[in-house]
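Please work through each task with the sequence and coordinates at hand before reading its solution.

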Amino acid sequence: MKECKGALDITINPSHLEADFIFHPSPQGPEWTPQALRDLLEKKRIKHGWTEASLASAFNQLSDPQAQETQPEILVPAARGTPATPPVPESFDWQELPVPPEWEAAGRAFLKAAPPPAFFEVRIEKLPPKAPEKKGLFGGREKPAPPQTREVKIPLPANPETLAWGWAEAGALLGGILPGQPGKEGTDIFGRPLMAPRPGANFIIGQGVVRKKDSLIAGEGGILRRGDNWVEILPFRLHRWSLALSGDQNTALLNFTPGEKVLPLPGAPEILAEAQALLGGEDSSPEGSSADSLIGPLELADILQQVLDSRKDLTNFPLSTDEDSEFEITLSEDRLTAVLYMKKGRGRGKPLGLKEFGRALKEKNFKNVNLKKIQDEILAFYRSRQRELTGYVLAQGVPPSPPGERTIVYTARYLEPEVADRLRARAAALLKEGGPEGPGFAGLEGLKDYPPDRADRLAFVRPGTVIAEITRPPGRPGEDVFGRVISLPPEADSGIRLLTGTARQENRITALTGGLLEQWDREKGPVFRVRTHQDASAEIKVAANRMTGSISLSPALGTGFPLTREEINGLIKEKNIVTGIEEEILSRALERVAGGETVEDLVFAHGELPRNAGEASLKFLVNLSEGKGVTIKTDGRADYRNQDRISLVEKGQTIARLPSSSLQYQDGRDITGQTIPAKAPAQQKVEPGDNVEVRETEGEILYVALTGGEVIFQNNRLSVLNVHTVQGNVGKDSGNIRFAGAVRVGGLVQSGYFVMAGESIQVKDTVEAALLSSGGAITVGQGIVGGGRAVLRARDSITAGFAEQATLLAVGDIVLKKSCMLCTVKTNGRLVVQGDKGVVFGGTIRARGGVEAHTLGSAKQVKTWVYFGQDYLIQDQIELEQREIDKLTPQIAALSLSIEKAEREKNAGALERCRGEKLKLMKALEKRNIRALMLRDKFEEHHLSAVNVRGTLYPGVALESHGRVFEITKEYSKVSFVFDPETGKIVHQELKEKK
């Protein structure tokens, strides 16, 4: 290791940034090591600016033998501090802002006369507090004086020399700002921080200059001047002028803002030339502006000088000469056309008053005026360069137009000639036999002029059948501009005559009643009449087991052909019925039909069941089903809806009879004569089962139904079930269900089928577009998807999960679990929709006891009518009575005419007959009117009811009770509506929650 002996010390410069070892070598001096050097630094409290490496380098220099021999004093760096770095100020990248040549001289003069730049910093100083103020006349509590401040302006140093100047518009970029660098702190050898030098004075941004991020922007237009540490803009306004057109585009308007007085004024000829061009030029259009429509240049120059002197802006000054506007409305001689002339004003002349024109047009009271079109087109003229509007049609009348030629298209299906001849002959014979008041002719019009046997064409029609369609372009009366009608001459008679049973509806001739249409073709036009004519009809049915035959008969109407026994015998022969015919029954049936009655499904032939020796044969007195899933109609089509699966019996009806004594062996025979072999002799014993009562009479035992229902005969036990069960769906497999007792359906009721029960109906699944009719209650496990065609009617209540587009009719309550949507509801109980989301919307609800639901109506305001508080089943009876009254009234009127006719013709028989019929109808009418009046009084009775909404009641719902209507126009929440009989109004209150 090198030797380092001698005297060693440390010297420090005044800035404390440098420390040096100073060494005097001497063999007799103390010896130094690197650790001794470190200890000496620590002794001197030198902490910064040295490292182990620098210390090792210093020791090597001090222990260098050559240096020790040649240098009596060795100086070696010991530590170096870190000096502070001064900040770098911001700098600016200035834009070139040249002065327009025409303003340069004025700008230099303005700049020369401007005062030197002066900048200040404003500070707010607090003033010493004032003595407290006395409060009140005699002193009292002292009120402290509010603190006082003042502004103090401190001048900022600025070299007044202007280095550059230019012209800047407001918003112009003056220069970009280049960011400076902040100063950095230093550290001396003792580890103490050295503060960075403070930056020099900031660059001064004077008036009119705005700093935005890294840019300087002109806050206003003027002359910019800039020194070495400042910039400012001196306000220097230029003369500014612009031209515009008036709202009617007919007057040039000048806007002039004066600038500095050292600037020359704008040239009047230049302004007027531009105004001339703005107005369209002298030759731009026939109505274009001409030079003499503007003020002169001398007048304009004088006006500009006055504005400059006053230093006030000139706004919308008219340069055009003065001329008033005008308009005139004229009417054509035939009053079919109203025309407008309109001319715009200009300058300071009277402007075109569109409101004044509107009032004048309104006072004319023209009809069929398109005010919107006129407004748009007049406004377009007002905004156009056009100066005059001539020949503008304001209103146009309609000249009258005569009607076109008539064409008739016959649409009735006329009978073949041979058929028509037979009917004419029938009518002639009846008319000859009974006269004009005989069957089929009483009350017919025009029998004398239009006899039935002379009708040109015949056709069978139904009520509403279109007989003919008339096409004729109608004449049209005229209308002048005031809406007054210009009449047409009266139209000649069309020649078409409509007699009894026909009517004209617009361009169609229709049949009012069903029967035989008679038509006579005349030169002036056709004549139509409908008289009653329907042939008697008969239908014979043979039971599937061929044990019974039944007949249905309809009487002849009007001049229709009656039934004869020969025709009946022919039908019986067609059905191959040869035995068991009860002639007396057929004779009585024919007598009833001849008297005008209708006979339906009357059993007239019975087969005979086989009997075994020693056996009493049970004979059924009701039609037993054969369990077939399909019936064949007369036209050969298969009918899956009306199936033969249930043997029905009514309450109290005798089901079967059993002779009480044994008979000899005998084969049976059906009504077609086919033999039914007797079975082996066996003792038959028939036991009465459920709902069957045995009644013994002389010679036979009768089995009577104690209730309506289905006949079941199994194992010699005869029962009547009052509940019919369908395991699956009511549809193609089951057919329609018609049952006197209760019905239970294990599936759903499909569209197009019906269930009709004398007692209750239960459906486990859904009801589609079907008919359910119950003598008791109806219960649907799921819901009703009606599609607008489902009908459920019950003498008791209806219960279901939901109902959509269905008709619900019940005497008792209708209870739904979820919703009632777009339904027609009528009940003498209540409509209750349960659940937290139970909703009723759409359709018509008539509920004597009212409605209860969570939501009534919908946010889309679907129209929903709710009637409550009255017996709406009585309303149905009223409507039924009124229909009967409406039928009787025209019949009585027709009889009155027949009586007058009989009196004129002195026909005593017809007179007596008509008077008797009229008296009978008058008594019936009186009874109907009294009953209708009583029902109306009963309908007006009020029943306790309410419409309760547990959640929301939406607009679109209308409530009605006793003729009073309450339209819902805003949302309600938790509300109850009732009818107040004392005030006759529907009132509401908050619905209180049930505890």
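This is a predicted model: local features need pLDDT of at least 70, side-chain atom pairs count only at pLDDT 80 or more; totals for chains, interfaces and linings use all residues.

**Exercise 1. Determine how many cavities of 30 Å³ or more the whole structure holds, and describe the lining of the largest cavity.**

Solution. 
Step 1. Over the whole structure, the search returns two cavities of 30 Å³ or more. The largest cavity holds about 40 Å³ of space.
Step 2. Its lining consists of Val 99, Trp 103, Gly 107, Trp 165, Trp 167, Ile 223, Phe 236 and Leu 238.
Step 3. Sorted by class, the lining of the largest cavity has seven nonpolar residues, one polar residue and no charged residue.

**Exercise 2. Characterise the second largest pocket by volume, lining and contributing elements.**

Solution. 
Step 1. The volume of the second largest pocket is about 1300 Å³.
Step 2. The pocket is lined by 36 residues, of which Ala 442, Gly 443, Leu 444, Ala 894 and Ser 898 are the closest to its centre.
Step 3. Two or more lining residues come from each of β33 (527-531), α12 (872-905) and α13 (908-939). The greatest share belongs to α12, with ten residues.
Step 4. The lining of this pocket comprises 15 nonpolar, eleven polar and ten charged residues.

**Exercise 3. Decide whether Arg 225 is buried or exposed, and identify the polar partners of its side chain.**

Solution. 
Step 1. Arg 225 belongs to strand β16 (residues 222-226).
Step 2. Its relative accessibility is 5%, and therefore Arg 225 counts as buried.
Step 3. A polar atom of the Arg 225 side chain lies 2.8 Å from the backbone oxygen of Pro 115. The side chain of Arg 225 also makes a polar contact, at 2.7 Å, with the side chain of Glu 232.
Step 4. Beyond its neighbours within four places in sequence, Arg 225 is in contact with residues including Leu 111, Pro 116, Thr 162, Trp 165 and Trp 230.

**Exercise 4. Locate Glu 260 and classify its accessibility.**

Solution. 
Step 1. Glu 260 lies in the loop between β19 (252-257) and α5 (268-278).
Step 2. With a relative accessible area of 18%, below the 20% limit, Glu 260 is buried.
Step 3. Leaving aside neighbours within four places in sequence, Glu 260 is in contact with Pro 235, Phe 236, Arg 237, His 239 and Arg 311.

**Exercise 5. Which residues touch the most other members of the largest nonpolar core?**

Solution. 
Step 1. The core has 55 residues, and Leu 772, Ile 784, Leu 959 and Phe 977 touch the most other members.
Step 2. Strand β59 (residues 798-810) gives the most to this core, with six residues.
Step 3. Apart from neighbours within four places in sequence, the contacts of Leu 959 include Val 866, Phe 868, Val 947 and Phe 977.
Step 4. A separate second core, of 23 residues, has among its members Cys 4, Ala 67, Ile 74 and Ala 78.

Definitions and conventions: Residues are numbered from 1 along each chain as its sequence is written. Side-chain values use heavy atoms; hydrogens and water are left out. On a 1 Å grid over the protein atoms alone, a cavity is a set of points where a 1.4 Å probe fits but cannot get out, and a pocket is an open set with protein on both sides within 12 Å along at least five of seven lines; lining residues have an atom within 4 Å of a point. Grid points are joined across faces, edges and corners, and a volume is the space filled by probe spheres set on the points. Helices (H or I, at least four residues) and strands (E, at least two) are DSSP runs, numbered from the N terminus. Ala, Val, Leu, Ile, Met, Phe, Trp, Tyr, Cys and Pro count as nonpolar, Asp, Glu, Lys and Arg as charged, and the others, Gly among them, as polar. Buried means under 20% relative accessible area, exposed over 50%, partly exposed in between (1.4 Å probe, protein chains only). A polar contact is a pair of N or O atoms within 3.5 Å; within protein, one must be able to donate a hydrogen and the other to accept it, and residues adjacent in sequence count only if both atoms are side-chain atoms. Contact means heavy atoms within 4.5 Å. A nonpolar core is a set of buried Ala, Val, Leu, Ile, Met, Phe, Trp, Tyr and Cys residues joined through side-chain atoms within 4.5 Å.
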